[in-house]
Amino acid sequence: MTRPFGYFVHHQGRGHAERCAAIAHALPVDRPLTIFCARDDIFPPLPAQATIVRIPSLFEPTGGELASADWVPTPSTLHCAPLGWPGIREAMATMACWFVEANPALMICDVSAEVAQLARICSVPHVKVLQHGDRSDAGHRAAYDGAAGLLAAFHADLAQPEWDADMRARTCFAGGLGVDTRVPERELARQRIGVGPDEEVILVMAGGGGGGFGQAPLGVGARSRPAARWMTIGPVVRDWHATEPTNIEHRGWVDNAADHVAAADLVIASTGNTTCQQILAATRPWLAVPEWRYFDEQHRKADALAAAGVACVRPHLPSSADAWTQAIVETLVTHRPERQRAMIADAPAADAAAWLEMLAARLWPERVAIADPELSI
């Protein structure tokens with residue numbers, strides 16, 4: 001019988017779930033997959049061999065938490081491990097019991113340093129999903145150093161400079177993993193979203209992992225380029241003092257973000273993973289403005305994007321009309337569409353699934369021996 005894979009999915013935003021679903025569909029149909037997540041409503045359709053086990057959130061209290069133990073220090077190997085949280089205890093126990101019952105070939109952690117360490121302590125090989133950020137702390141290092149492999153949903157050219165040769169050698173880079181990177185035809189996309197063929201469109205895009213950009217700086221930007229049609233999709237932070245002109249409109253959440261990106265002449269967006277892959281695939285001029293995230297994830301990713309020459313980066317939205325003009329001109333002048341497209345693999349999910357299967361075969365050679373006696377490990 002084929003040993004199952006386990007998969008922990010963080011439930012912030014939808015990117016982690018969509019990445020998991022893409023891999024699930026690319027794995028062999030005889031590879032059972034058990035997914036542990038606090039939400040089951042964020043997943044696209046999954047194949048028949050995949051099962052979701054709902055676990056309590058590791059991050060959100062429910063009212064039954066102990067309040068009198070926060071004086072106990074947190075060791076440097078842990079990030080989110082408050083004492084006296086029954087939900088965390090139940091979630092970890094659910095996964096540990098499954099380790100015993102299922103004897104899995106691998107546990108994929110997307111993402112939690114604690115879950116990765118739990119798998120290692122329980123003698124289960126794990127794959128850690130690699131994210132950008134300042135993650136040289138003891139907790140992340142324990143999760144990385146003890147992993148059978150690392151999985152990165154981006155191109156190898158976006159690796160951070162401090163990731164050494166050993167770390168890169170253990171990493172499967174799969175640019176575009178989990179994101180539908182098919183690009184609509186530009187003119188058809190414009191027709192679908194109600195934009196004329198000759199209009200200049202500046203798209204401001206925010207994903208589900210954050211709160212969005214502020215209304216006031218966007219108003220300044222729209223006034224600095226009055227002939228352009230500015231659109232926002234996703235959340236926007238309302239500012240009472242914003243004096244927005246009439247050339248900016250807020251469309252909120254849309255189901256056709258790909259059409260908006262394809263139709264745009266320039267995109268302003270943060271550096272969340274799904275957003276990155278959609279813009280790179282569409283090869284649009286990109287003014288990247290990172291949002292706050294744990295471990296400076298988006299800032300370090302923005303650094304990597306700038307170093308690779310695939311985005312113009314600002315640490316925050318420009319705060320004056322002159323600054324907006326300079327940023328937009330720089331974004332257009334430095335645009336390198338061929339470089340952006342090279343960041344997206346042809347079949348990233350298939351690449352990741354094949355790498356996971358290779359890893360499992362190396363860890364559990366009897367499965368390969370049964371499948372093909374001539375193969376050696």
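Helices (H or I, at least four residues) and strands (E, at least two) are DSSP runs, numbered from the N terminus. The structure described here is a predicted model, in which local features need pLDDT of at least 70 and side-chain atom pairs count only at pLDDT 80 or more, while totals for chains, interfaces and linings use all residues. Residues are numbered from 1 along each chain as its sequence is written, and side-chain values use heavy atoms, with hydrogens and water left out.

Contact in general means heavy atoms within 4.5 Å. Leaving aside neighbours within four places in sequence, Arg-229 is in contact with several residues, including Gly-194, Val-201, Asn-247 and Arg-251.

Strand β10 belongs to an open sheet of six strands, in the order β12-β10-β8-β13-β14-β15, with parallel pairing. Two strands pair if DSSP finds at least two bridges between them. At the edges stand β12 (248-250) and β15 (312-313); each has a single partner strand, so one side of each is left without a neighbour in the sheet. Within the sheet, β8 and β10 pair over five bridges, and Val-201 stands opposite Arg-229. On to the next pair: β8 (residues 201-205) is joined to β13 by four parallel bridges, with Ile-202 opposite Leu-266. Strand β13 in turn pairs with β14 (residues 286-288) over three bridges, where Ile-268 faces Leu-287.

Strand β13 (residues 266-269) is covered on both faces: Leu-266 and Ile-268 on one side, and Val-267 and Ala-269 on the other, are all buried. Buried means under 20% relative accessible area, exposed over 50%, and partly exposed in between (1.4 Å probe, protein chains only). Together, β13, α9 and β14 make a right-handed β-α-β unit. A crossover is right-handed if, with the strands pointing away from the viewer, the path from the first strand over the helix to the second runs clockwise. Nine of the ten residues of α9 are buried, so this helix is largely enclosed by the rest of the structure. After α9 comes Thr-283, whose phi is positive, near 55°.

In soluble globular proteins, nonpolar side chains tend to be buried together. Here the largest nonpolar core has 39 residues, and Leu-203, Val-267 and Trp-286 are among those with the most contacts inside it. Helix α9 (residues 273-282) supplies the largest share of this core, five residues. Apart from it lies another core, of 32 residues, among them Ile-42, Ala-105, Val-127 and Val-129. A nonpolar core is a set of buried Ala, Val, Leu, Ile, Met, Phe, Trp, Tyr and Cys residues joined through side-chain atoms within 4.5 Å.

There is also an open sheet of seven strands, with the order β3-β2-β1-β4-β5-β6-β7 and parallel pairing. Its edges are β3 (50-54) and β7 (171-173), each with a single partner strand, so one side of each is left without a neighbour in the sheet. Strands β5 (residues 126-130) and β6 (residues 149-152) pair over four bridges, and Leu-130 has Ala-152 as its bridge partner.
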